[in-house]
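Please read the points below alongside the sequence and the model. They are meant for someone meeting this structure for the first time.

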Amino acid sequence: MGKTAFISHASEDAERAMAVCAALEAQGVSCWIAPRDVTPGRDYASEILDGIAGCTVFVVLLSAEANASGFVRREVERAVSKNKPVFPVRLEAVVPSKALELFLSSAHWIDAWDPPYEAHWQRLAAVIRGEASAPPAPTARLGHGTRRMLAGTVALMLLVGIGGWLVHDPAPPAVSSPPVPKNDPSPAAMPASQPAPPAPTAADTPRAEIAMTAAASDAGPCPQRLSVNPALETPFACRCSAEAVREGTVWGTDVYTDDSAVCAAAVHAGAIGRDGGLVTALREAGRDIYVGTARHGVNSHDYGRYDRSLRFAGAPAPAPGPEPCPQRLSINADLPLPYTCQCTAEAVRQGTVWGTDVYTRDSGLCGAAAHAGVVGSEGGTITAFDAPGRDLYVGTTRHGIASNDYGRYANSLRFDNAAVATGPEPCPQRLSISPDLPTPFSCNCSAEAAGKGTIWGTDVYTGDSYLCSAAVHAGAMPRTGGAITVYREAGRDLYVGSARNGVRSHDYGHSASSIRFLIRTF
């Protein structure tokens, strides 16, 4: 029987990878990890491929060593070719290489280099369990044309690369941009059913740009990226073939990182159609953020700070008003706030959210805005504000969006015009989500939360017992919910279960921490 999660890691990270594996399996997520699960005497590469195929999800542990690992890159390629949900986990503050970034299309990116590590692994296990129990998604945000193109590309790379898999481990080219958390890139999609954009006419084009285009009539073929020569002067004219417009990855909208694929970016900008044509590229200063969108059959992607940009002469002017929202503000930790942008209806439904009223900075931005009530399901304009990090973010279900609990996180965000509830905040599912949270801690249990989850002990409970159910069992509140106050205590060697107040608790052995409740008369 297949395992739930395949863990991909560089050999130098083997000890840390085994620690992640042990933590996930303690949370009920079965793992396949090399070399532990490689059958002795069998072909190593074949075992890896079978392991990926047999698992439900794919976890890749990112570090400086993983970034330079051909093993890791090929394993990610294989997982994407098999349509496995990919969960990138950064063990260090490293920049994912573009070779890896191309394939990291999961919305569930986790930064896990700061303690307490238990909270990171609980979070990872929770999103993996949600993915493993969900019905299969029909497209996972990739069009049919993209999946065929990607599968063909990966198959070719595997045929070329698998012979060298066991021989050498070449490093990908260095990337000079700063750390980029939780990107969601995928190859530029070119659905055959989508009509090509009309070519710009002379009436739409400023005189200076017409002159540049006329002077470029004898231009040669375009390079894949302008960044191949940072000193190349612009305006730079070249010709895109029909094949070139379908190749490469693009970051940004209207203005792009200058390492974006030139011809695919020109189609995305509306400067040429899918049949290719003459383009004139103009360099601009770098930006703090590049926001990805889907236009003219090309999917572009979010990116943080980059030192050089490009745009295209003859492309339609950007739409008036705020630019589209990135998936997450954490794409650039130094992005100045407040930040105003436009959420689409599709963006509201994407990404994972942690918190209520105040959210982790790496939450899905538009999903968090909908949860906070500042936009509806159809999207709209939002303004995000900076907020200090917290020891605890509590998940709730509001406005059709379910957010999640999380422990300590360094940066938060909130929204303009969002109504903030008064009184005690909602209770987290477990106090163990934030091991350093000071107690006594007061929060409010809903009637729904009072009947959820498993608890261990009587009067004094394990630190990972479901908080509201334990409060009912202890007699600290009725089954209808209410405010509770919880205290941490030292761990015990034995917790004895019992049935009280309509709740059944269970026996347990040694646990490192305990909780008890302030008992009120009600």
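**Notes on the model**

1. The charged end of Arg123 sits over the ring of Tyr406, 3.8 Å from the ring centre. A charge counts as over a ring if NZ of Lys or CZ of Arg is within 6 Å of the ring centre and within 35 degrees of the ring normal. Arg516 likewise lies over the face of Tyr487, at 4.7 Å from the centre of that ring.

2. This is a predicted model, in which local features need pLDDT of at least 70 and side-chain atom pairs count only at pLDDT 80 or more, while totals for chains, interfaces and linings use all residues. Residues are numbered from 1 along each chain as its sequence is written, and side-chain values use heavy atoms, with hydrogens and water left out.

3. An open sheet of 5 strands has the order β2-β1-β3-β4-β5, with parallel pairing. Helices (H or I, at least four residues) and strands (E, at least two) are DSSP runs, numbered from the N terminus; two strands pair if DSSP finds at least two bridges between them. β2 and β5 (110–111) stand at the edges with a single partner strand each, so one side of each has no neighbour in the sheet. β1 and β2 are joined by 3 bridges, and Ile7 stands opposite Ile33 in β2.

4. Which strands does helix α1 (residues 14–26) lie across? The helix lies across β1, β2 and β3 (57–62), running at about 165° to β2. Helix α4 (residues 70–81) also packs on the sheet, where it touches β1, β3 and β4 (86–90), and its direction makes about 155° with that of β3. Contact means heavy atoms within 4.5 Å; axes are lines fitted to C-alpha atoms, for helices over the stretch in contact, and angles run from 0 to 180 degrees between N-to-C directions.

5. There are 10 aromatic pairs in the structure. Phe6 and Trp32 form a stacked one, 5.1 Å centre to centre with 10° between the planes. Rings of Phe, Tyr and Trp (its six-membered ring) pair if their centres lie within 6.5 Å; planes under 30 degrees apart count as stacked, over 60 as edge-to-face and the rest as tilted. Phe6 counts as buried at 1% relative accessibility, and Trp32 is buried at 10%. Buried means under 20% relative accessible area, exposed over 50%, partly exposed in between (1.4 Å probe, protein chains only). Phe6, Trp32 and Phe58 form one aromatic cluster.

6. In the largest nonpolar core, of 26 residues, Leu467, Met477, Ile484 and Phe517 touch the most other members. Such a core is a set of buried Ala, Val, Leu, Ile, Met, Phe, Trp, Tyr and Cys residues joined through side-chain atoms within 4.5 Å. Two or more residues each come from β20 (441–445), α12 (467–474), β23 (482–492) and β26 (511–517), and α12 gives the most, with 6 residues. Another core, of 25 residues, lies apart from this one and has among its members Ile331, Tyr339, Cys341 and Cys343.

7. β23 and β26 pair in the antiparallel sense over 6 bridges, and Val486 has Phe517 in β26 as its bridge partner. Strand β22 (residues 460–462) is joined to β26 by 2 bridges, also antiparallel, with Thr462 partnered by Ser514.

8. Is helix α11 (residues 365–372) largely enclosed or open? Of its 8 residues, 8 are buried, so α11 is largely enclosed by the rest of the structure. Just after α11, Gly373 takes a positive phi of about 90°.
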